[in-house]
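Subject: The structure we talked about

Hi,

Here is the structure I promised to pass on. Have a look at it first, and then read my notes below with the viewer open.

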Amino acid sequence: VPCVMPRVVIIGAGFGGLEAAKKLVSAKVQLTVIDRTNYHLFQPLLYQVATAALSPADIAAPVRGVLEDCPNCEVVLAEVQSVDVENRIVNASDLRIHYDYLILATGSRHSYFGHPEWEKLAPGLKSLEDAIEIRRRILMSFEYAEKVTEPKGRVAAMTFVIVGGGPTGVEMAGAIAEIARYTLARDFRHIDPSSARIILIEGEPMVLATFPEDLRLSATKQLHDLGVEIRTGVRVTDVTEEGVRVGDDFIPCRVKIWAAGNDASYVGKSLGVPVDRAGRVIVQDDLTIPGHSEVQVIGDLAAFTDERTRKLLPGVRSEEHTSELQSHHDL
C-alpha cells in the first residue's frame with residue numbers, strides 16, 4: 001500500500017512562511033504555500049521604496065521563483081478568510097484546502113487604535129502599495145511647495161509628520177530628512193528642500209522603547225543631527241487633511257505617515273483560541289495552539305510571554321519546532 005504523505009499548508013509567504021517552506025522542502029510531505037500576493041516582500045527596506053531610494057522590484061521576489069527548485073511544493077495565490085481547525089480546512093476565496101499540518105504566518109497590519117478613518121489621511125508602511133503611495137505623497141508635496149506662493153500652504157507642504165517612534169517611524173524620519181537635505185537639495189528653484197520640517201511623534205518617553213539604551217541614544221542623536229524634531233510622551237488625538245493634532249497643538253502638514261502600532265492578521269481570530277489585545281494568537285511554548293498540536297502560529301501573528309522576563313517575545317521563527325515536525329514523521 002503506497003504511503004500517503006501528510007499535507008503541510010503554510011499560509012503567508014513572508015519571512016516566517018518562506019523559511020518554514022525551505023526547511024520542509026526535502027521532507028516527505030506535500031507542501032502548499034498560500035499567499036494573497038505572488039511575491040515575497042523584504043519589509044525592512046520598504047522605507048527605502050517610500051523615499052525613492054529603491055524601486056519596488058529591488059525588494060520583491062516572486063514566490064514561485066524562490067521555491068522553483070522545491071518539487072514537493074505548490075504555490076497558491078489566494079486570500080485566506082478563515083481556518084476550520086476542527087475539520088482541518090483552510091477557506092480561501094472559493095477554495096477549500098485540506099491540511100494535516102498548518103503553519104500560520106499571516107503577519108500584521110498597522111493599527112489606528114479605533115480610528116480607521118485616519119488610514120486614508122496617514123497611510124502606514126506594510127506593503128508595496130503603501131510604500132508607493134507614501135513616495136507619491138512625499139514627492140508631490142515638494143512639487144506643491146515649489147509652485148504655491150501662499151506662505152502657510154508652503155510651510156504645510158514642507159512639513160512631514162511621522163506618528164510612531166519604533167523602527168519604522170525612526171527609519172522614515174531619517175530617510176525623509178536625508179532626501180530633503182541631500183537628494184533633493186538642488187532640484188528646486190523656489191524652495192529649499194533642506195528647510196523641510198520633519199517631526200517624529202512617540203507616545204512613550206523615548207523612541208525605540210524596546211531597544212537597548214545605547215541604540216536608543218545613538219538613533220536619537222543621529223535624528224537630531226539630521227534636523228528631525230522628536231516629540232515624546234505625547235499622543236495624536238486627531239488627523240485631518242490639514243494636519244495632525246497632538247494634545248492641544250495642531251501641526252499643519254500635507255504628509256502624515258503612520259507607524260504607531262500593529263494589529264495582527266484577522267485570520268488568527270478564526271482559530272477559535274485566545275488572542276491578545278493586538279489580535280495575536282496566544283501560543284504554547286512549541287508555537288502550537290491549545291488542543292491542536294497540528295497547528296503552529298509563527299512570526300508577528302504569534303504571542304508568547306517569556307516566563308522569566310514576563311515580556312512578549314519578538315515574532316521570529318522557531319527552527320526547533322520545524323525540526324520537531326520533521327522528526328515526528330521520520331522525514
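Let's begin with the salt bridges: a search of the whole structure turns up 13 of them. Keep in mind that this is a predicted model, so please read every number here as computed from that model.

One to click on is the pair E119 and R109, where the closest N and O atoms are 3.4 Å apart. E119 sits in the loop between β10 (108-110) and α4 (128-147), while R109 is in strand β10 itself, so the pair ties together parts that are ten residues apart in sequence. How open to the outside are these two? E119 has 33% relative accessibility, so it counts as partly exposed. R109 comes out at 27%, so it counts as partly exposed too. There is also a network here: salt bridges link R109, E119 and D130.

K221 and D225 are both exposed.

R231 and D249 make another salt bridge, and here the closest N and O atoms are 2.7 Å apart. This pair links distant parts of the chain, with R231 in strand β13 (residues 229-232) and D249 in strand β16 (residues 249-252), 18 residues apart. R231 is partly exposed, with a relative accessible area of 22%. D249 is also partly exposed, at 33% relative accessibility.

While you are around β10, look at S108, which is in that strand. S108 is buried, with a relative accessible area of 14%; the cut-off for buried is under 20%. Which residues does S108 touch, leaving aside its neighbours within four places in sequence? They are K126, N262, D263, A264, S265 and D300.

Now for the inside. The largest nonpolar core has 46 residues, and the ones that touch the most other members are L67, V83, V90, L271 and V297. Which elements give two or more residues to this core? They are β1 (7-11), α1 (15-23), β2 (30-35), β5 (73-77), β6 (80-84), β7 (89-92), β9 (101-104) and β21 (292-297). If you pick L67 and skip its neighbours within four places in sequence, you'll find it in contact with L18, A21, K22, V33, C73 and V75. There is a second, separate core of 40 residues, and A50, F142, L200 and A219 are among its members.

Helix α1 deserves a click as well. Its buried residues are G16, G17, L18, A20 and A21. What covers them? The cover includes β1, β2, β3 (39-41), α3 (63-66) and β9.

On to the rings: the structure holds six aromatic pairs. In one of them, Y112 and W258, the ring centres are 4.9 Å apart and the planes are at 25°, so the pair is stacked. Y112 lies in the loop between β10 and α4 and W258 in strand β17 (residues 255-258), so this pair ties together parts that are 146 residues apart in sequence. Are Y112 and W258 buried or exposed? Y112 is buried at 6% relative accessibility, and W258 is buried with a relative accessible area of 3%.

W258 has another partner. W118 and W258 form a tilted aromatic pair, 5.6 Å from centre to centre with 55° between the planes. W118 is in the loop between β10 and α4 and W258 in strand β17, so here the parts tied together are 140 residues apart in sequence. Both W118 and W258 are buried. Put together with F113, these residues belong to one aromatic cluster: Y112, F113, W118 and W258.

One last thing to find: the charged end of R254 sits over the ring of Y144, 4.0 Å from the ring's centre.

Happy clicking!

Notes: Residues are numbered from 1 along each chain as its sequence is written. This is a predicted model: local features need pLDDT of at least 70, side-chain atom pairs count only at pLDDT 80 or more; totals for chains, interfaces and linings use all residues. Side-chain values use heavy atoms; hydrogens and water are left out. A salt bridge is a side-chain nitrogen of Lys or Arg within 4 Å of a carboxyl oxygen of Asp or Glu. Helices (H or I, at least four residues) and strands (E, at least two) are DSSP runs, numbered from the N terminus. Buried means under 20% relative accessible area, exposed over 50%, partly exposed in between (1.4 Å probe, protein chains only). Contact means heavy atoms within 4.5 Å. A nonpolar core is a set of buried Ala, Val, Leu, Ile, Met, Phe, Trp, Tyr and Cys residues joined through side-chain atoms within 4.5 Å. Rings of Phe, Tyr and Trp (its six-membered ring) pair if their centres lie within 6.5 Å; planes under 30 degrees apart count as stacked, over 60 as edge-to-face and the rest as tilted. A charge sits over a ring if NZ of Lys or CZ of Arg is within 6 Å of the ring centre and within 35 degrees of the ring normal.
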